[in-house]
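Biologist: I am new to this structure. Please show me how to read its features, one at a time.

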Amino acid sequence: MFRVRHVAALFFIPLYFGVTLHGESKVMASRFPFVLSGSRALPNNSALLVVAALFLIIFVSAIGCIREEDITLEQRAHQLAAQLMCPVCDGQTIDGSSAQISQDMRLKVRELLDEGQTNAEIKDYFVLRYGEDILAAPEGSGFNLLAWVVPVFIVFGGIGIALVAIKNMRKAGIQAKSSPLPAQKNGDLSDFLAQVDRDLSGPPDSLTSDQDPKSPSPANQNEEANF
Amino acid sequence: MADLGVMALLLGMALSAYSVVGSVVGEKIGMAELVVSARRAMYMTLAAATVASAALVNAFVQNDFSIKYVADHSNSLMDRAFVWVAFYSGNEGSLLYILLVLTLISVISIWFAPKRLARSMPWTIAILAAIQLFYFGVLAFVASPFELLDTVPLDGRGINPLLTHPGMFSHPPLLMGGLIAITIPFAFISGALLAGNYGDDWIDVARVLAIIAWGVLGAGMLLGAWWAYTILGWGGYWAWDPIENVALMPWLVLTAFIHSIMVQKRRGLFRMWNVALLNIAFVLAQLGMFINRGGPVVSVHSFAASTLGIIFMIFMLVSLLFAFGLFLWRMPHLKSDRVMESFMSRESAFLVNNFLFLAVMAVTLWGVLFPLFSDLARDVSVSVAAPYFDRANGPVLLGIVVMMGIGPLLPWRKASARSLKQWFIWPTLTGAVTIGTLLALGVDRPIAIFAFGVVAFVAASILEEWWRGTAARHRSGDNWAMSWWRLVNGNRPRHGGYIVHISILMLGLGIIGTNFYQQRTDGALELGQSLVIDNYRIEYVDNGSSNRPDRIAQWAEMSVYRIDEDDYVVEFETARADGATGFTLEDSSMRANDELLGGIEPWHGFYVDFNMASVRSGIRSTIVEDLYVIPRDFLADGRVSLAVSINPLAWWLWASGPFFIIGTMVALWPQAAVERRPTMKKIQASAEGEN
């Protein structure tokens with residue numbers, strides 16, 4: 001059975017390939033279809049959606065692989081203990097604290113697990129006896145739902161504001177400039193793709209970025225000189 | 001000694017007050033001499049703070065228990081090395097320490113301030129002096145470390161045992177120093193705004209000062225995590241404790257700032273935004289000071305509740321009003337004249353990353369304050385601890401890591417489709433292959449697998465850029481190491497940033513490993529028994545104890561063996577049937593494939609005077625995982641009860657530290673001190689090589 005530490009070493013293998021293959025197969029590489037295109041790619045680019053969907057599929061399908069049976073009762077006991085606060089300590093869970101009451105509570109958790117109770121039932125057991133503040137995180141219902149909803153608004157609101165701000169700043173930029181690039185004008189990628197095809201049919205040498213004088217790079221070097 | 005200290009504090013207070021008034025009045029009536037004398041008064045506050053600190057240190061060294069603070073925080077048995085720790089281990093002393101740091105860095109930064117900021121310096125000095133005035137005042141009248149006792153005790157109470165660890169020599173001073181250091185860039189920017197100096201003159205100074213504060217704060221937090229992991233026996237390194245959170249929040253905002261200040265520097269954008277970020281960071285630092293001093297939230301860290309809480313709350317509110325009042329007043333002058341050109345540009349990526357940082361900050365703040373709201377709104381107390389923050393912040397933090405890969409690959413202004421394709425293909429592939437490999441290997445925890453993929457993506461993006469830049473230079477004749485070094489030196493802020501990014505990725509590995517794949521078991525061992533978890537066997541070989549006047553210490557000597565699980569099939573099956581992760585072996589005879597790895601010595605001390613236990617975990621650390629043994633208790637029947645865990649990838653958490661520091665230093669190193677400007681020929685050569 002594989003465990004993560006066996007895999008941790010493997011983790012660097014792709015990196016290794018990423019670096020070594022790099023020089024040789026740039027032509028191959030540039031044919032991969034899922035790369036974003038165009039400077040206005042973000043709002044209406046189907047390639048991006050495909051990538052996002054791919055990731056989502058991998059992600060969601062993998063969630064099905066988690067099975068509760070794989071986790072021993074003891075592991076579950078620790079996970080639960082990490083979700084229950086020690087009533088007499090300042091801000092520690094019973095999993096971390098060595099206080100007597102924490103030990104008793106850990107034993108109780110184990111006892112209830114052995115009886116076959118679910119995590120939710122065990123939490124309820126402690127809430128009934130110690131009050132809501134025994135839970136290390138508020139339950140997502142009633143007033144406490146606020147604790148969970150507000151972060152969602154913060155995050156999406158924040159990203160939304162950022163995107164709107166960029167859009168506004170861009171609009172000002174487009175108005176200030178008279179000639180936007182073709183790809184920006186109609187959001188149509190055909191011109192660009194044709195250009196790519198032309199480029200690809202050229203001699204391979206011109207595609208290696210390090211030698212192609214026209215290819216822009218993030219480390220655009222005249223800018224780099226005095227960062 | 002006490003008198004000298006009090007006099008120094010009062011003198012410092014007078015000097016600070018004079019410096020505030022002198023700067024403002026001198027500037028208003030145009031009296032240059034007054035402004036200069038105010039600046040010199042500012043320099044003298046450093047002398048006052050130093051004398052006060054020296055007086056306190058001297059009192060510790062001389063065991064002057066007539067001073068209450070000394071009697072409370074040390075005793076005659078204390079190792080003299082811990083005088084430094086005892087100095088800031090209590091409320092009053094730590095305030096004095098903060099004041100000392102504040103005066104020191106104020107004076108240094110004013111002394112070295114560039115000439116072009118001369119017009120705004122009086123205002124900067126006034127702001128700094130006003131903050132110093134507050135601290136001098138608090139120390140002189142509210143929380144004096146020089147308060148005398150009516151009856152002098154024979155011996156002091158001793159130092160808090162949790163603090164007698166090498167980590168304490170640096171963690172608290174770095175953390176407090178980092179928090180107070182945020183004041184300096186804030187004072188420089190606010191000074192410029194007050195003086196009506198709306199240009200970009202302050203960018204470089206603010207950037208350097210902010211990175212210093214940010215680096216110090218970051219190093220302090222990392223050391224704190226290390227300290228918690230090795231000594232506190234919490235079994236963890238970051239608990240999302242309120243005090244940890246209030247240090248994290250300004251750090252996050254500063255992180256946003258040091259990214260977006262580059263946009264202002266390079267593109268002239270985000271001026272207003274940068275001022276706002278620094279204001280937020282400053283106010284959050286004041287919130288941290290307030291919560292640290294008897295604020296309203298429960299924490300393992302806080303100093304005993306005291307009347308200081310209300311004073312620091314008022315100071316925080318004043319800071320808030322001042323910072324944002326000034327901001328709103330000057331806002332019309334801060335508009336940038338430049339425009340954003342594209343979504344697909346580094347500046348827009350930086351803006352998104354800024355908002356993500358602010359989002360983590362806001363969510364954390366919400367989590368810290370939610371118990372208060374709950375109390376006020378419906379009189380029910382709730383706890384908001386690690387499980388909440390893990391779930392609420394985890395995804396956003398992952399998003400930040402994703403942006404860490406995307407942002408640097410985008411060029412300024414606008415990315416062409418061509419460059420996007422060129423630069424993203426390898427990182428994306430690497431990430432995807434990593435995810436695929438992990439899935440194919442049957443690793444569980446999809447969220448963790450995805451996170452590993454993200455880490456690989458970012459790592460590949462950094463390596464890709466280094467690879468290309470180095471290869472280009474290599475072709476022009478340098479050897480590989482030299483090429484890389486030249487690349488880094490050519491643009492230190494950028495490549496220093498990459499080194500820090502690598503440290504963040506290492507941190508990420510550790511966080512993913514320990515959060516998703518940790519294995520735990522508890523057990524109590526008699527001498528000669530073994531505890532088996534996964535493929536480790538821990539044998540309880542011997543124990544020892546020592547009784548000292550201040551503490552009763554016990555420790556266990558344990559041998560760690562690597563075992564072959566096939567030798568223990570029966571036991572493992574029985575244990576799993578019982579729902580246990582590990583099991584205890586009665587006899588410790590070796591089996592065929594047992595291999596001795598080494599010894600650990602978990603230590604448990606009980607401090608009688610403090611009624612407080614302190615443990616040192618036994619840790620066997622490798623690059624892939626830590627075997628982590630906390631001695632919970634030495635039981636009366638001779639057994640030792642242990643909490644044992646395997647923390648995968650924990651090593652990476654601490655390995656990230658040096659990278660963080662080196663990267664920060666590289667980013668800070670003045671560019672002017674680099675080798676002479678390359679000749680025209682060289683420029684052309686490298687331009688050809690690079691493009």
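**Helices, rings and burial**

Modeller: Start with two helices of chain B: α2 (residues 32–61) and α6 (residues 121–142) pack at an angle of about 35°, with their axes 11 Å apart. Helices (H or I, at least four residues) and strands (E, at least two) are DSSP runs, numbered from the N terminus. Axes are lines fitted to C-alpha atoms, for helices over the stretch in contact, and angles run from 0 to 180 degrees between N-to-C directions.

This is a predicted model: local features need pLDDT of at least 70, side-chain atom pairs count only at pLDDT 80 or more, and totals for chains, interfaces and linings use all residues. Residues are numbered from 1 along each chain as its sequence is written, chains are lettered from A and ligands numbered from 1 in the order in which they are written, and side-chain values use heavy atoms, with hydrogens and water left out.

Biologist: Which residues make the contact of α2(B) with α6(B)?

Modeller: Contact means heavy atoms within 4.5 Å. From α2(B) come B:Val35, B:Arg39, B:Met42, B:Thr45, B:Ala48 and B:Ala49. From α6(B) come B:Pro122, B:Ile125, B:Leu128, B:Ala129, B:Gln132 and B:Phe136.

Biologist: What does B:Thr103 contact, leaving aside its neighbours within four places in sequence?

Modeller: B:Thr103 is found in helix α5 of chain B. Its contacts are B:Thr45, B:Leu46, B:Ala49, B:Gln132 and B:Phe136.

Biologist: Is B:Thr103 buried or exposed?

Modeller: Buried means under 20% relative accessible area, exposed over 50%, partly exposed in between (1.4 Å probe, protein chains only). B:Thr103 has 0% relative accessibility, so it counts as buried. Across chain B, buried residues make up 60% of the 691 residues.

Biologist: How is a pair of aromatic rings described?

Modeller: By the distance of the centres and the angle of the planes. Rings of Phe, Tyr and Trp (its six-membered ring) pair if their centres lie within 6.5 Å; planes under 30 degrees apart count as stacked, over 60 as edge-to-face and the rest as tilted. The count comes to 38 aromatic pairs over all chains.

Biologist: Why is the pair of B:Trp84 and B:Tyr97 edge-to-face?

Modeller: Because the ring planes of B:Trp84 and B:Tyr97 stand at 80°, with the centres 6.0 Å apart. B:Trp84 lies in helix α4 (residues 83–87) of chain B and B:Tyr97 in helix α5 (residues 91–111) of chain B, so the pair ties together parts 13 residues apart in sequence. B:Trp84 is partly exposed at 37%, and B:Tyr97 is buried at 8%.
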